[in-house]
Amino acid sequence: MSKVILFPVQPAPEEEVDLSLLDRDQLLERLARLREQIAQLNAAEPRNQNSEAYEAWGDRHELLEDLVDDVLDRLDELE
C-alpha cells in the first residue's frame, strides 16, 4: 500500500497576508519562504500522476506559484 501525503489546498493563515503592508525586505523574506516551500513540495511529488495525492499536490503547487507571482508583482510595484 502506498503512503498518502496530504497537501493543504487552502492557504495557511500566514499565506493570507496583505502584501501592500509589507516592505521590500519582508517581501523578499516571504518570497524566499515560498520558494523553499515549493522546493520541499517538489521533493515530495507523488509518483502516480493519476492519484488523488498528485491532484492535491498539484493544487498546492499551483497555489504556492500564484503566491510567488503576487509577491513578485508587489516587488515590481515598489520599484
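These legends walk through a few close-up views of a predicted model. Local features need pLDDT of at least 70 and side-chain atom pairs count only at pLDDT 80 or more, while totals for chains, interfaces and linings use all residues. Residues are numbered from 1 along each chain as its sequence is written, and side-chain values use heavy atoms, leaving out hydrogens and water.

**View A. Arginine 24 pairs up with glutamate 79 in a salt bridge.** That term means a side-chain nitrogen of Lys or Arg within 4 Å of a carboxyl oxygen of Asp or Glu. Here the closest N and O atoms are 3.8 Å apart. The pair links distant parts of the chain, 55 residues apart: arginine 24 is in helix H1 and glutamate 79 in the segment after H2. Helices are DSSP runs (H or I, at least four residues), numbered from the N terminus. Glutamate 79 is exposed at 71% relative accessibility, and arginine 24 is partly exposed at 42%. Buried is under 20% relative accessible area, exposed over 50%, partly exposed in between (1.4 Å probe, protein chains only).

**View B. Arginine 33 meets glutamate 29 in a salt bridge.** Their N to O distance is 3.0 Å. They sit about one helical turn from each other because they are 4 residues apart in helix H1.

**View C. Glutamate 77 forms a salt bridge with arginine 74.** Glutamate 77 is exposed, at 57%, whereas arginine 74 is buried, at 17%.

**View D. Histidine 61 is found in helix H2.** With 11% relative accessibility, histidine 61 is buried. Setting aside residues up to four places away in sequence, histidine 61 touches Ile38, Leu41 and Asn42 (contact means heavy atoms within 4.5 Å).

Terms used: Helices (H or I, at least four residues) and strands (E, at least two) are DSSP runs, numbered from the N terminus.
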